[in-house]
Amino acid sequence: MTHTGTDKAHKSFLSRPGVRRLVPFAVVTAIALVFIFENRANVEIRLLIPMVTMPLWGALLIAWGLGVLACVVTVRRRSHRHSGRPK
C-alpha cells in the first residue's frame, strides 16, 4: 500500500493549530507596534525616585515587552504544572 499524501495536501495553512494560535498574536503585535512607534513625543517618567525623560515610544515598548514576558512565563508555568499530573 502506498501513501499518496493527498489527505495532507487538502488541509489549508490556517487550519493548522500552531498557525491558529500565532495569527492573533501577530495581529495584536502589529497593532501594538504601530501604536508604540506613532507616539514619539518626549515624556517624563518617574522610576520610583528618579525622573527620567525619554521618548514615549520607548516607555511603551518597554511596557509591551514586559507584558509579553509575563505572558510567556505564565503560559510556560501553566503548561508545566498541568503536564506532570498523573491521570
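Visitor: Okay, and where is I45 found?
Guide: I45 belongs to strand 1, which covers residues 42-46.

Visitor: Which residues does I45 touch, leaving out those up to four places away in sequence?
Guide: I45 touches P50, M51, V52, M54 and A59.

Visitor: How far apart are I45 and L56 in space?
Guide: From C-alpha to C-alpha, I45 and L56 are 9.2 Å apart, and in sequence they are eleven residues apart.

Visitor: Let's step back. How many helices and strands does the chain have?
Guide: The chain has three helices and two strands. Starting at the N terminus, the order is α-α-β-β-α.

Visitor: What share of the residues is buried?
Guide: Of the 87 residues, 7% count as buried. The chain exposes about 7,900 Å², and carbon and sulfur atoms supply 67% of that area.

Visitor: How confident is the predictor, then?
Guide: The average pLDDT of the chain is 80, and 79% of the residues score at least 70. Among the elements, strand 2 (residues 51-55) has the highest mean pLDDT, 93, while helix 1 (residues 6-9) has the lowest, 55.

Visitor: What should I do where pLDDT is low?
Guide: Where pLDDT is low, the predicted coordinates should not be read in detail.

Visitor: New topic: is I36 buried or exposed?
Guide: I36 counts as buried because its relative accessibility is 3%. This residue is found in helix 2.

Visitor: And which residues is I36 in contact with, beyond its neighbours within four places in sequence?
Guide: I36 is in contact with W57, L60, L61 and W64. I36 and W64 are 28 residues apart in sequence, yet their C-alpha atoms are 8.9 Å apart in space.

Visitor: How many aromatic pairs are there?
Guide: The count comes to one aromatic pair. F37 and W57 form this tilted pair, with 5.6 Å from centre to centre and 35° between the planes. The pair links distant parts of the chain, since F37 sits in helix 2 (residues 17-38) and W57 in helix 3, 20 residues apart.

Visitor: What about the surface? Which residues make a nonpolar patch?
Guide: I62, L66, L69 and V73 make a nonpolar surface patch of about 380 Å². One of them, L66, is found in helix 3 (residues 56-83). L66 is exposed because its relative accessible area is 52%, and the cut-off for exposed is over 50%.

Visitor: Last one: what is the phi of L48?
Guide: L48 has a positive phi of about 60°, although it is not a glycine. Most residues other than glycine have a negative phi.

Visitor: Where is the place of L48?
Guide: L48 lies in the loop between strand 1 and strand 2. With a relative accessible area of 82%, L48 is exposed.

Technical notes
Residues are numbered from 1 along each chain as its sequence is written. This is a predicted model: local features need pLDDT of at least 70, side-chain atom pairs count only at pLDDT 80 or more; totals for chains, interfaces and linings use all residues. Side-chain values use heavy atoms; hydrogens and water are left out. Helices (H or I, at least four residues) and strands (E, at least two) are DSSP runs, numbered from the N terminus. Buried means under 20% relative accessible area, exposed over 50%, partly exposed in between (1.4 Å probe, protein chains only). Accessible areas come from the Shrake-Rupley method with a 1.4 Å probe; for residues, only the protein chains shown count as cover. pLDDT is the predictor's confidence in each residue, from 0 to 100. Patches are made of residues with over 30% relative accessible area and no salt bridge: like charges are joined within 9 Å, nonpolar side chains (Val, Leu, Ile, Met, Phe, Trp, Tyr) within 5 Å. A salt bridge is a side-chain nitrogen of Lys or Arg within 4 Å of a carboxyl oxygen of Asp or Glu. Contact means heavy atoms within 4.5 Å. Rings of Phe, Tyr and Trp (its six-membered ring) pair if their centres lie within 6.5 Å; planes under 30 degrees apart count as stacked, over 60 as edge-to-face and the rest as tilted.
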